[in-house]
Amino acid sequence: MFFALSTRLLFDFDVGANAIKIAQASNVIEDVRSRLGTNFPVPEHQALDGRERSARMLLRQLAEGITRHLRQPLSSDLSYAVQETLLNAAVPLAYAFTWTLLLLGRHPAMQARVRANGVLHGNSGSFDESDELCVAVVREALRLYPPAWALERTCTSTLVLAGATIRPGDAVVVSPYALHRMRSLWNRPCRFHPQRFEAGRVKGYAFIPFGGGAKTCPAARWNVPFLVMGVQSFLGRFSVRTSAMPHALPLVALRPSLDFAVSLRQSGKE
Ligand code: HEM
């Protein structure tokens with residue numbers, strides 16, 4: 001059901017006009033979740049402030065609009081699924097986009113190379129698969145700053161891993177953030193070096209920004225193309241400079257601290 005809804009949300013129902021509102025509501029809900037754990041929808045008895053209540057209301061109204069559009073009655077399960085899809089889609093895409101631009105803002109030479117490879121002007125663009133460099137830049141940003149920085153599973157059978165016994169019911173956390181920065185898997189892991197992704201050199205479970213196995217992100221195939229289109233379109237209009245990389249805050253998603261400064265210039269006016 002999630003898969004069907006995610007697809008309809010992105011390609012059929014136009015959430016574009018509400019994108020800013022969804023992003024703002026997602027931020028608020030993310031704060032609530034990191035305060036209360038991943039318990040969502042937040043139980044009625046939990047005290048929510050006005051901002052939190054209106055974020056919830058907004059997502060609920062969107063869920064109602066979407067289910068009307070799909071001509072389906074709004075059961076609470078469906079409403080929950082739509083809200084989850086909005087959160088699952090808006091938050092990681094927005095953060096991945098932001099991290100990519102911040103990194104390019106710190107690496108002007110790489111930014112110039114990506115721009116020289118071809119950017120999109122106006123809204124008529126489509127994903128250019130030949131732009132391997134931009135694909136590599138997006139992947140490198142997802143490696144260094146995977147929005148889904150920790151994935152939780154519950155163990156179903158006894159397992160011995162690296163000398164530790166994990167029993168049924170134990171919670172196991174796999175961290176893409178830690179995995180993506182392991183010295184045994186990556187050469188100079190903290191360095192921004194998109195070329196490591198060129199020519200399909202990275203394989204297997206060393207790189208899992210979209211998770212793995214049965215619960216892999218249903219949008220995994222589209223996320224990089226979407227981000228590449230976004231980056232190409234942005235660089236067609238602006239150049240960006242980042243004074244210093246913000247801290248990565250490991251909340252529900254890995255998001256930048258808000259104390260960073262960037263400067264934007266319209267392209268061609270440098
Ligand atoms: C850069 C963007 C994205 C990243 C990094 C990302 C990452 C992930 C990850 C790691 C998971 C698996 C969580 C787990 O294993 O516990 C996941 C699940 C999910 N994602 Fe994404 N995602 C992104 C974009 C999207 C988009 C655009 C959509 C919808 C159109 C979406 C919908 C979902 C849904 C519905 C799930 C839950 C799947 C399930 O529980 O079976 N994601 N995502």
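## Exercises around helix α8

Cys217 sits in the loop between α7 (176–179) and α8. The model is predicted: local features need pLDDT of at least 70, side-chain atom pairs count only at pLDDT 80 or more, and totals for chains, interfaces and linings use all residues. Residues are numbered from 1 along each chain as its sequence is written, and side-chain values use heavy atoms, with hydrogens and water left out.

**Exercise 1.** Find which protein atom is the donor of the iron atom of the ligand.

*Solution.* Donors are N, O and S atoms within 2.8 Å of the metal (3.2 Å for Na, K and Ca); water is not among the atoms, so sites may look incomplete. The only protein donor is SG of Cys217, at 2.3 Å.

**Exercise 2.** Describe how α6 and α8 pack.

*Solution.* Start with the geometry. Helix α6 (residues 132–144) meets helix α8 (residues 220–237) at about 110 degrees, axes 9 Å apart. The pair is therefore roughly perpendicular (65 to 115 degrees). Next, handedness: the crossing is right-handed. Then list the contact (heavy atoms within 4.5 Å). Helix α6 supplies Cys134, Val135, Val138, Arg139 and Leu142; α8 supplies Val224, Leu227, Val228, Val231 and Gln232. Finally, sort these residues: eight are nonpolar, one is polar and one is charged.

Definitions and conventions. Axes are lines fitted to C-alpha atoms, for helices over the stretch in contact, and angles run from 0 to 180 degrees between N-to-C directions. Helices (H or I, at least four residues) and strands (E, at least two) are DSSP runs, numbered from the N terminus. Angles under 35 degrees count as roughly parallel, over 145 as roughly antiparallel, 65 to 115 as roughly perpendicular and the rest as oblique. A crossing is left-handed if the near helix is turned anticlockwise from the far one by less than a right angle, and right-handed if clockwise. Ala, Val, Leu, Ile, Met, Phe, Trp, Tyr, Cys and Pro count as nonpolar, Asp, Glu, Lys and Arg as charged, and the others, Gly among them, as polar.
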